[in-house]
Amino acid sequence: MVMGEDEVFRQIKEAYAEAKAAEAVGGEFNMTFQAAFATAKKIKTETALSASALSIATLAANEAANFAPEANVLIIGSTGKTGMTVMKNLISHKNVRVTAASRSHNADFKLVAKAENVRTVSYCDRYAYVDEADCIISATSSPHYTITGRELKKHIKTAKSRLFIDLAVPPDFDDASALTEGARLVGIDYFQSLARENNLRRANSAKTAAEIIAAETDELKKELIFRRFRGNLHSLEGMTAETLIYRLKSVLTADELEKILKAAGGE
């Protein structure tokens, strides 16, 4: 459902591996799937089809991870659907250390929180960690602000650049938060705009991907045809080139015949 998503490709590779392990992979089957895998790799290399994220949670995590070489990220609302997805994306980045502030810990959160680069703290203590944070992400369903400029002013002692990411509706950060020295505040509208741009970029790449698939499919068909008729090539022994061309003349289009003659040096 998501253009450029790798999940189906991963499932196909796993299914192929199982079939191969069960010795259920024949010659043509193997050629077909190897060609498919090579084509997928070529598309990933030569197009931007899967190079840019589409989900807001992934975009937010990437923004936070790229904000500092060694990023300390405070997540508020990490047990919610959006916050949990952001945290899962964040822990995949080796340069990120996550502090997860939450009121409650569900089973999924406890599993993710076991990662080496994650520590859990109480939601009530969230302001104790804002000074060390390079980035603060809030994604709660609270009707009230989770971060205010007034409290930030009390707790932030170190002057440095900081990124505040507000993924909540209504907002979790009050407007005064953006006035914090060195801070940049971005909301959900910013990431929705990025997602639209990335979707357009992928759509533009889809045409190129389709052209690559068509060309590689044609190459595969030729390989399969040659493989099937290789055993009968002995019937051509002793046949002159002229006789072969006359035989082909009756089954080929004019353009196809001209291409063969050119390939054979008949120009």
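Me: Before we count anything, what counts as a helix or a strand here?
Reply: Helices (H or I, at least four residues) and strands (E, at least two) are runs taken from DSSP, and they are numbered from the N terminus.

Me: OK, so how many helices and strands are in the protein chain?
Reply: The protein chain has nine helices and six strands. This is a predicted model, in which local features need pLDDT of at least 70 and side-chain atom pairs count only at pLDDT 80 or more, while totals for chains, interfaces and linings use all residues. Residues are numbered from 1 along each chain as its sequence is written, and side-chain values use heavy atoms, with hydrogens and water left out.

Me: How much of the chain is buried?
Reply: Of the 267 residues in the protein chain, 33% count as buried, where buried means under 20% relative accessible area, exposed means over 50%, and partly exposed lies in between (1.4 Å probe, protein chains only).

Me: Which residues does Ile 136 touch?
Reply: Ile 136 sits in strand E4 (residues 135–138) and counts as buried, at 1% relative accessibility. Leaving aside neighbours within four places in sequence, Ile 136 is in contact (heavy atoms within 4.5 Å) with Leu 74, Ile 76, Val 130, Leu 152, Leu 163, Phe 164, Ile 165 and Phe 173.

Me: And Thr 39, is that buried or exposed?
Reply: Thr 39, which is found in helix H2 (residues 27–46), is buried, with a relative accessible area of 10%. Not counting residues up to four places away in sequence, Thr 39 touches Ile 212, Ile 213 and Glu 216.

Me: Switching to helix packing, at what angle do H3 and H7 cross?
Reply: The axes of helix H3 (residues 56–65) and helix H7 (residues 188–229) cross at roughly 105° and come within 9 Å. Here axes are lines fitted to C-alpha atoms, for helices over the stretch in contact, and angles run from 0 to 180 degrees between N-to-C directions. H3 and H7 are therefore roughly perpendicular to each other, since angles of 65 to 115 degrees get that name, while under 35 counts as roughly parallel, over 145 as roughly antiparallel and the rest as oblique.

Me: Which residues of H3 make that contact?
Reply: On the H3 side they are Ile 56, Leu 59, Ala 60 and Glu 63, and the partners from H7 include Tyr 190, Phe 191 and Leu 194.

Me: Now cavities: how many are there of 30 Å³ or more?
Reply: The count comes to one cavity of 30 Å³ or more, and about 30 Å³ of space lies in the largest cavity. On a 1 Å grid over the protein atoms alone, a cavity is a set of points where a 1.4 Å probe fits but cannot get out, and lining residues have an atom within 4 Å of a point. Grid points are joined across faces, edges and corners, and a volume is the space filled by probe spheres set on the points.

Me: Which strand gives the largest share of the lining?
Reply: Strand E1 gives the largest share of the lining of the largest cavity, with three residues. Among the lining residues are Asn 72, Val 73, Leu 74, Arg 97 and Tyr 129.

Me: Last one, where is Glu 23, and is it buried or exposed?
Reply: Glu 23 lies in the loop between helix H1 (7–21) and H2, and Glu 23 is exposed, with a relative accessible area of 74%. Phi of Glu 23 is near 55°, a positive value in a residue other than glycine.

Definitions and conventions: On a 1 Å grid over the protein atoms alone, a cavity is a set of points where a 1.4 Å probe fits but cannot get out, and a pocket is an open set with protein on both sides within 12 Å along at least five of seven lines; lining residues have an atom within 4 Å of a point.
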